[in-house]
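Some notes on the fold follow, for checking against the coordinates.

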Amino acid sequence: VTGYIQYWFISHHQNESWVDDHPWLALLPEDAIGVDLSIGSEIMISKGVGSMVLATFVERLKALGYETIIIDPDASNNRAIRAYEKAGFRVIEELKNKTGDVLLMAHQGATHRI
């Protein structure tokens, strides 16, 4: 079973070409980071693996000093949204329905107002 998790810097995408297609990027703090993950095989779905891995990864990112951590599941992926909520992410209400087909969520421990 192979999966992955990574983080990316919002500031690297806060440029004209990206913001033209994704205007919500300009509304996030420059020091925010985004997280992407895949738990791998379908046999791992609905077993709590994604929530556990994501929560552990967020703890490590916070220990490194990152404060604003976002994730952007497909707005129709209810299973992923529930898993991310279990890991401490909440919908950014101010950006709801303003981010295309993704639902922008921030870790509840974020110290920056988004």
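1. Two strands are taken to pair if DSSP finds at least two bridges between them. The model is predicted. In it, β1 and β2 are antiparallel and share six bridges. Within that pairing, tryptophan 8 sits opposite glycine 34 of β2.

2. β2 also pairs with β3, here in the parallel sense, through three bridges. Isoleucine 33 has isoleucine 69, in β3, as its bridge partner.

3. Helix α2 covers residues 49-63, which is 15 residues. From first C-alpha to last, α2 reaches 21 Å, close to the 21 Å expected at 1.5 Å a residue. After the helix comes glycine 65, with a positive phi near 105°.

4. Which residues of α2 are buried? They are Val49, Gly50, Ser51, Leu54, Phe57, Val58 and Leu61. These buried residues pack against the strands β1 (4-9), β2 (33-38), β3 (69-71), β4 (89-91) and β5 (105-107), and against the helix α3 (78-86).

5. Threonine 99 belongs to the loop between β4 and β5. Is threonine 99 buried or exposed? Its relative accessible area is 6%, and because buried means under 20%, threonine 99 counts as buried.

6. A polar atom of the threonine 99 side chain lies 2.6 Å from the backbone oxygen of valine 102. Leaving aside residues up to four places away in sequence, threonine 99 touches Trp24 and Leu104.

Terms used. Residues numbered from 1 in each chain as written. Predicted model: local features only at pLDDT ≥ 70, side-chain atom pairs only at ≥ 80, totals over all residues. Heavy atoms only, no water. Helix = DSSP H or I, 4+ residues; strand = E, 2+ residues; numbered from the N terminus. Expected span 1.5 Å × (residues − 1). Buried < 20%, exposed > 50% of the residue type's maximum accessible area, 1.4 Å probe, protein only. Contact = heavy atoms within 4.5 Å. Polar contact = N/O pair within 3.5 Å; in protein donor to acceptor, adjacent residues only side chain to side chain.
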